[in-house]
Amino acid sequence: GAAALLLAGCGSGQIGGTGGQTDPNNKNLALITGQRGEPFYVSIECAAQQEAAAQGYQLNVQAPEKFEQAEQSQILGGIVSSKPGSVIIAPTDDKALAAPLQQAKGNGIQVVEVDTALEDRSVAVTSLSSDNYAGGQLAAQTLVQLLGGKPGSVLALNTKAGTSTTDERAKGFEDEVKKHPNLKLLPTQYTENEPATAAQIVSSTLAANPDLVGVFGTNLNTGEGAGTALSNAGKSGQVQLVGFDASPKQVDDLRNGRVQALIAQNPGKIGQEGVKRAIAAIKGQPVERETKTEMISLTRDNMDQQAQYFYKSQC
Ligand code: T6T
């Protein structure tokens, strides 16, 4: 019965149960982000390195070349065999990474999720991310404001199915747009996180829907691709583009009018807190299971007062 199952969950090595023993004196941490050299993750990494150094911990940072689960799983395998006290990770797939992370946990490695998360909430000890559903709603509210009552079709560009963050952003955006009867929500499209695919989709959507008035790019690559397509079609500033994230290129595009708004996250906070939580978990101290960090809607009007939200492309 339920009681027996609960008891079984307390032993180590059980399916879905608690993890193996963690050495409270282990001073090695690993950070596996979603994509190498990508400014959102670089900003997490810079803050994480700073916090680890301040607390006397070693932080080994690795990432797949693309936002891609096969290479990320391979990296995780190597990290697990090096036995860090904690793996701080942005899982690139909400299901595929569950088994290898459960195995890490079974080996006494504290799993800390940053940014993305697994569907199975029992693996990680703690998760830190933006409230991505609210971020999608904020994107829609920003778009509605930019449109000032202008009717027409709107399109959201998602990345890869199974990316927890962008799935939530797309859902928040869709739910919010549906509250506005003058806007026609087109079916959300997947770009596989490729700017060129995002650009193609926006070009063909423009051709098929001449009443397109707004586009939401749920992350850096989708927004950049959409910006290219709108610029090539001579539609920059006519079709309102709301992006997510604030890379140096995205900030330039906001300034030069290729993008009208950006929902910026706080990756520095996520990286710093991620390391703090990892260390606490290694020491056996209680940590909050889930924490949401703040976001802000940047427009050309407020961007210069909010430069602390701009991401870094290097530390
Ligand atoms: O938007 C971020 C991140 O939050 C998301 O999970 C994946 O894409 C980014 O890293 C931007 O490229």
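The legends below describe close-up views of the ligand site, the cavities and the pockets of a predicted model.

Local features are reported at pLDDT of at least 70 and side-chain atom pairs at pLDDT 80 or more, whereas totals for chains, interfaces and linings use all residues. Residues are numbered from 1 along each chain as its sequence is written, and side-chain values use heavy atoms, with hydrogens and water left out.

**View 1. The shell around the ligand.** The ligand is surrounded by Glu38, Phe40, Tyr41, Asp115, Thr116, Thr165, Arg169, Asn219, Leu220, Asp245 and Gln265 (a residue is near the ligand if one of its heavy atoms lies within 4 Å of it). By class, the shell holds three nonpolar, four polar and four charged residues. In this classification Ala, Val, Leu, Ile, Met, Phe, Trp, Tyr, Cys and Pro are nonpolar, Asp, Glu, Lys and Arg are charged, and the others, Gly among them, are polar.

View 2. Polar side-chain atoms lie 2.6 Å from a ligand oxygen atom in Glu38, 2.7 Å in Thr165 and 3.0 Å in Gln265. A polar contact is a pair of N or O atoms within 3.5 Å; within protein, one must be able to donate a hydrogen and the other to accept it, and residues adjacent in sequence count only if both atoms are side-chain atoms. Taken alone, the ligand exposes 300 Å², and the protein buries 99% of that (Shrake-Rupley method, 1.4 Å probe; for residues, only the protein chains shown count as cover). α2 (39–54) and α6 (164–177) are the elements that give two or more residues to the ligand shell; helices (H or I, at least four residues) and strands (E, at least two) are DSSP runs, numbered from the N terminus.

**View 3. The largest cavity.** The ligand sits in this cavity, a term that requires more than half of its atoms to lie within 2 Å of the grid points. On a 1 Å grid over the protein atoms alone, a cavity is a set of points where a 1.4 Å probe fits but cannot get out, a pocket is an open set with protein on both sides within 12 Å along at least five of seven lines, and lining residues have an atom within 4 Å of a point. The space in the largest cavity is about 180 Å³; grid points are joined across faces, edges and corners, and a volume is the space filled by probe spheres set on the points. Of its 18 lining residues, Glu38, Tyr41, Phe67, Asp115 and Asn219 lie nearest the centre. α6 gives the most to this lining, with three residues.

**View 4. The second largest cavity.** α10 (267–282) gives the most to the lining, with four residues. Seven of the lining residues are nonpolar, two are polar and none is charged.

**View 5. The largest pocket.** This pocket contains about 200 Å³ of space. Among its 14 lining residues, Ser43, Ala47, Pro267, Gly268 and Lys312 are the closest to its centre. The largest share of the lining, four residues, comes from α2.

**View 6. The second largest pocket.** Here the space is about 170 Å³. The lining has 16 residues, with Ala117, Leu118, Arg121, Ser164 and Glu168 nearest the centre. Three of the lining residues are nonpolar, six polar and seven charged.
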